[in-house]
Amino acid sequence: MFRRFYRILFIILVFSRTPVAAESLNEEGFRTVSEYPFIEEHADKTSLQKAFLQSASYLEKLPENWRITIHGETYRKKELSDSLRRLKKVFEEKDRERKKSEFQKSFLLLETRPSYGSPKITGYYEVLMEGRSKPEGEFEFPVLETPSDLSVKKEGSAKVVGKTENGVFVPYPSRLELSRTSELGGKTSAIAYVKIVDLHLAQLEGSAEVKIPGKSPFRITYSADNGRKYRSPAESLKGVCKSLIPSDLRNCISEFPREVKDAILQNPRYVFFKRESSAPRGSGGIELIPERSVAMDPAIPLGLPALLSFRSPLKNALNRIVFVHDRGSEINGHGRIDYFLGTGEEAETAAGKINAEGRILLILPKK
C-alpha cells in the first residue's frame with residue numbers, strides 16, 4: 001500500500017518521476033546512540049508476534065545474495081534474519097535486566113533525523129466505505145483496475161509513467177481526464193462505484209474495505225498510479241471547510257458538494273487498485289499490523305525493526321517497537337515515519353490527529 005501516501009504537496013508537475021531503486025540517505029542524518037533508552041513493556045504481545053512473523057517472512061523471500069548498506073555498513077540477508085530472531089528472543093525474556101543486557105550486547109541503535117527540525121510522525125489507516133456494482137446516485141465514481149495500456153519507463157534511477165500513442169510515449173491521463181469515460185477506451189474496468197470523498201481517501205491511504213449491499217465485503221489495495229504528482233484538495237478548500245483534515249471532507253461535502261468535488265478532481269494523481277482478499281497489505285505483500293507497521297524511506301529496508309516515540313492527542317508511543325512494512329510516495333528522507341493505525345472510524349480519527357515530532361531509532365545487528 002503506498003499510502004498513505006500523499007501528504008500535502010503544493011507543487012504540481014506534469015510528468016511524475018519517483019525512484020525505482022532506493023537512493024542512499026545522507027550520512028549526516030544518522031547518529032549512533034550510545035545511551036540505550038528504556039524499552040517500553042507492551043501489553044499487546046500478540047500484535048508484536050505477528051509483526052515479527054511478517055518481517056521474518058519477507059526477509060526469507062529475498063534473494064540469498066541480497067544486501068544493503070546503511071551508514072557505511074553492509075548488511076546481508078542472513079545477518080538481518082538472524083538479528084530479527086535474536087531480537088524476538090530478547091523481547092520474550094522475562095527478566096528485565098537480562099533483557100536490557102542482551103539488547104545492548106547484540107544491537108546497534110541508529111537514530112535518523114532530518115537536517116533541519118525534528119523527525120515527523122504521521123498516521124494512516126485502512127478506509128471503510130460503501131460501494132455499488134454500478135453507478136447509482138452519489139456512488140458514481142469508479143474504483144479502477146490498472147489499465148492495460150499503462151506502462152512504466154526507466155530513466156536512470158527514476159520511473160516515468162505513461163502510455164504509447166501513435167508510437168509516441170506520452171504522460172498518462174490525469175484524474176480529471178480519467179473521469180471522462182471516453183478516456184478509458186475499454187482499457188480498464190471498475191471494481192466498484194463509490195462516493196468521491198471515499199475514493200479520495202482510499203487513494204490517499206492506499207487501501208480500503210468495500211461493502212456492497214448483498215455482497216461479501218472485500219478489500220482493495222494499491223496496484224499502480226498514473227504517475228502524476230499529488231495535489232491536496234486542501235489547497236482549494238481553505239476558508240471553505242472548517243477542517244482540512246482529509247477524513248473531515250465527508251462533513252464538508254454535505255455543505256459544499258460542488259466545491260469539494262471540484263477540489264478533488266483538480267488533484268491530477270489517480271491510484272488504480274486491485275482486489276485483496278485478506279488483510280491490508282503494505283509493500284512487498286507484507287500484512288500490515290496495527291500500531292506495529294510503519295512506512296519509511298525506501299533506503300530503509302523492509303522488515304527492519306525500530307523504536308518509535310511520539311505524543312499526539314489520541315495516541316502516544318515511548319520506544320515502541322515497530323517494523324518497516326510499507327512505503328509512501330511522500331514518506332521520504334531522514335526522520336520520517338507513517339504509522340499504521342488499522343481499519344475503520346477509530347483508526348481514521350486517530351490517524352487524523354497524528355502530526356507530531358518524535359524520535360526514530362533503527363535497530364541493527366552489531367558487527
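What share of the 367 residues in the protein chain is buried? Buried residues make up 52% of them, where buried means under 20% relative accessible area, exposed over 50% and partly exposed in between (1.4 Å probe, protein chains only). This is a predicted model: local features need pLDDT of at least 70, side-chain atom pairs count only at pLDDT 80 or more, and totals for chains, interfaces and linings use all residues. Residues are numbered from 1 along each chain as its sequence is written, and side-chain values use heavy atoms, with hydrogens and water left out.

**Overall fold**

- The protein chain has 10 helices and 19 strands; these are DSSP runs numbered from the N terminus, helices being H or I with at least four residues and strands E with at least two.
- The radius of gyration of the protein chain is 21 Å, close to the 21 Å from the globule rule for 367 residues, so the chain is as compact as a globular protein of that length. The radius is taken over C-alpha atoms, and the rule is 2.2 Å times the number of residues to the power 0.38.
- Along its principal axes, the C-alpha trace spans about 65 × 45 × 40 Å.
- Among contacts between residues at least 6 apart in sequence, 81% join residues at least 24 apart. Contact means heavy atoms within 4.5 Å.

**Surface and charge**

- The accessible surface of the protein chain comes to about 17600 Å². Carbon and sulfur atoms account for 49% of that surface. Areas come from the Shrake-Rupley method with a 1.4 Å probe; for residues, only the protein chains shown count as cover.
- There are 59 positive and 49 negative side chains. Lys and Arg count as positive, Asp and Glu as negative; His and the chain ends are not counted.
- The centres of the two sets lie 3 Å apart, each charge being placed at NZ of Lys, CZ of Arg, CG of Asp or CD of Glu.

**Salt bridges**

- Side chains of opposite charge can pair when their charged atoms come close.
- The structure holds 26 salt bridges, each a side-chain nitrogen of Lys or Arg within 4 Å of a carboxyl oxygen of Asp or Glu.
- K367 bridges to E79, with the closest N and O atoms 2.7 Å apart. This pair links distant parts of the chain: K367 follows β19 (355-365), E79 sits in helix α2 (residues 77-92), and 288 residues separate them. K367 is exposed because its relative accessible area is 55%; E79, at 26%, is partly exposed.
- E165 and K163 meet at 3.2 Å, N to O. K163 is buried at 8% relative accessibility, while E165 is partly exposed at 39%.
- K238 pairs with E235, the closest N and O atoms being 3.7 Å apart. K238 is exposed at 55%; E235 is partly exposed at 27%.
- Salt bridges that share partners join R31, E111, R113 and R359 into one network.

**P37 in its loop**

- P37 lies in the loop between β2 (30-32) and α1 (45-60).
- P37 counts as buried because its relative accessible area is 18%.
- Leaving aside residues up to four places away in sequence, P37 touches L109, L307, N319 and L361.
- Y125 is 88 residues from P37 along the chain, and their C-alpha atoms are separated by 28 Å.

**Helix α10**

- In helix α10 (residues 345-352), A347, E348, A350 and A351 are buried.
- Cover for the buried residues of α10 includes β6 (120-130), α8 (249-255) and β18 (336-343).
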